[in-house]
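Hi everyone, thanks for coming. Please have the sequence and the 3D view ready, and we will walk through it together.

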Amino acid sequence: MDRVVIFDTTLRDGEQSPGATMHTDEKLTIARQLARLGVDVIEAGFPASSPGDLESVQRIARQISGPTICGLARCVKGDIDAAWEAVRDAEKKRIHTFIATSDIHLQHKLRMTREQVLQRTREMVSYARSLCDDIEFSPEDASRSDPEFLYQVLAVAIEAGATTLNIPDTVGYATPQEFGALIRGIRENTPGIERAVISVHCHNDLGMATANSLAGVVEGARQVECTINGLGERSGNAALEEVVMALYTRGQHYGCATNIQTSEIYPTSRMVTNYTGLSVQVNKAIVGANAFAHEAGIHQDGILKNRQTYEIMDAATVGVPQSTLVLGKHSGRHAFADKLDQMGYHLDGEQLDRAFARFKELADKKKSISDPDLEALVSDEVFQPQEVFHLEQVQVSCGDCSIPTATVSLRGPTGELLIDASHGTGPVDAVYKAINRIVAVPNELIEFSVKGVTEGIDAVGEVTIRIEAENGTADGWPVNPQTGRRTMVFSGHGASTDIIVASARAYMSALNKLISIRTKR
Ligand code: KIV
Ligand code: ZN
């Protein structure tokens, strides 16, 4: 079997998903999980885009071992310098530089001639290669570029020292037949191509990102760029879980394999969902809630007789929690830790103590605790930011004949107890206003969603929110293209059998992220 290099760009292209902003600590935790998943390359960010991005890539480069750490750069000296600064301390490092090659981009965006693009490619790839041995070059919008010009640019990049040539379908326009033919054409017509690895980078605008990536593999591409949950600009990039499981399940067909530890796929997907606040649709391939569910009677009957009648993959292979150990009120800490381990959550020390205390609390309220209950509770514990303010208590009074009123108490940064109260249009509004009176950090709630993780009236409720805040000093915060203001979005996540408490926890988690980022800046 040939090996296909898995290049994960969740932290770069994935972060370009509207609303998917992640913060340095979150990126570091995700990078650590990507290393556990076994990806070969982590594209950790676009260092020239902001000081915050440079810092995240640098911290990942210094702390994560295993995968190659890569930074993106336009074919511009300043960008390449920033990318090198960010990745230079990594155990294995790569600079990824790109320039557009389609006539549309040349005329309207770059305002450059083809000659100028060839010259810039030569100069900037050589410059990058003078800094780093591992250089990836991408002709942006390759699938809408003139193939003859593409072969020329790629040949120049190889001559200048590029070791990987990445072919992007930037706007998700190609069909699998066209994209496969493009890769074949490049393989057959680019001088020096045998000295480089061909890579594919497909967007999902027409829902064909995975199919296009695999068509590229059939024609000789040996690196696939992808993201967890298919996150990415607009409708996203090829989903890592789909590409990997297609190669795994249809290994004989493709004759290729990857280094991915498939049982880490589901925990990684959950982690990314929790940190970005972007849930995957229930019928999403591999990681959706229904991916391994069977509803129709005929299917259930078939599954009971032989799983292979309706299942081409085993849920355990991708790390979907399997119920071998049922937990209840009398379960001990050891059984609890074991169960979490089976579910892909490796907790110890204080984190385990806190999760266990919450499990006991839940077990007192709920007779049977399902895997989704446990997952909601544990992910609420694990994926929380460093606390500046801690929620101690929340108390509400509401109903159709009373004014919704909330009293909250928070533990402040120096350990002091802070109590305040407010009324609002509903209980959640009252709680958020009471918290605002204490914390006093202006922000706008832009999204609020609540869902029960299981059926039944005693289900655990999961609340996901997003808040948007403006930075007074503006340093390094991106401009929101819709409002023209320097704002950042923070997601928060909370779980409890009481949805008002879950809402308060979600708000505190988003606020704590906002406050710590602002304090750092
Ligand atoms: O989609 C694209 O063209 C990109 C390049 C920067 C590789 O993300
Ligand atoms: Zn892209």
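Let me start with a question: how many of the ten residues of α8 are buried? The count is eight of the ten, so α8 is largely enclosed by the rest of the structure. By buried I mean under 20% relative accessible area; exposed is over 50%, and partly exposed is in between, with a 1.4 Å probe and protein chains only. Helices (H or I, at least four residues) and strands (E, at least two) are DSSP runs, numbered from the N terminus.

Before going on, some ground rules. This is a predicted model, where local features need pLDDT of at least 70 and side-chain atom pairs count only at pLDDT 80 or more, while totals for chains, interfaces and linings use all residues. Residues are numbered from 1 along each chain as its sequence is written, chains are lettered from A and ligands numbered from 1 in the order in which they are written, and side-chain values use heavy atoms, with hydrogens and water left out.

Now, back to α8. Its buried residues are A209, T210, N212, S213, L214, A215, G216 and V217. After the helix comes G220, which has a positive phi, near 115°. In the loop between α8 (209–218) and β9 (223–226) you will also find E219. E219 counts as buried, because its relative accessibility is 15%. What does the side chain of E219 join up with through a polar contact? The partner is the side chain of R184, at 3.1 Å. A polar contact is a pair of N or O atoms within 3.5 Å; within protein, one must be able to donate a hydrogen and the other to accept it, and residues adjacent in sequence count only if both atoms are side-chain atoms. If we leave aside neighbours within four places in sequence, E219 is in contact (heavy atoms within 4.5 Å) with G180, I183, R184 and R187.

Helix α9 (residues 240–249) is mostly covered too, with seven of its ten residues buried. Those are L240, E241, V243, V244, M245, A246 and L247. On the way there, in the loop between β9 and α9, sits R234. Most residues other than glycine have a negative phi. R234 has a positive one, near 50°. At 42% relative accessibility, R234 is partly exposed. A440 also has a positive phi, near 55°, and belongs to the loop between α16 (427–439) and β14 (444–452). A440 is exposed, at 57% relative accessible area.

Next, the metal. Which residues coordinate the zinc ion (ligand 2)? They are D13 (OD), H201 (NE2) and H203 (NE2), at 2.0 to 2.2 Å. D13 lies in the loop between β2 (5–8) and α1 (24–37) and H201 in strand β8 (residues 197–202), so this pair ties together parts that are 188 residues apart in sequence. Donors here are N, O and S atoms within 2.8 Å of the metal (3.2 Å for Na, K and Ca), and sites may look incomplete because water is not among the atoms. D13 and H201 are both buried.

Ligand 1 has D13, H201 and H203 among its surrounding residues, which also include R12, H96 and T170. Near, in this case, means that a residue has a heavy atom within 4 Å of the molecule. Oxygen atoms of ligand 1 lie 3.0 Å from a side-chain N or O atom of R12 and 3.1 Å from one of D13. For T170, a polar side-chain atom is 2.6 Å from an oxygen atom of ligand 1.

Let's look at T121, in helix α5 (residues 114–131). T121 is buried, with a relative accessible area of 0%. A polar atom of the T121 side chain lies 2.7 Å from the backbone oxygen of V117. Contacts of T121 beyond four places in sequence include I99, F137 and V153.

Last stop, the cysteines. How many disulfides does a search of the whole structure find? It finds zero, where a disulfide is a pair of cysteine sulfur atoms within 2.5 Å.
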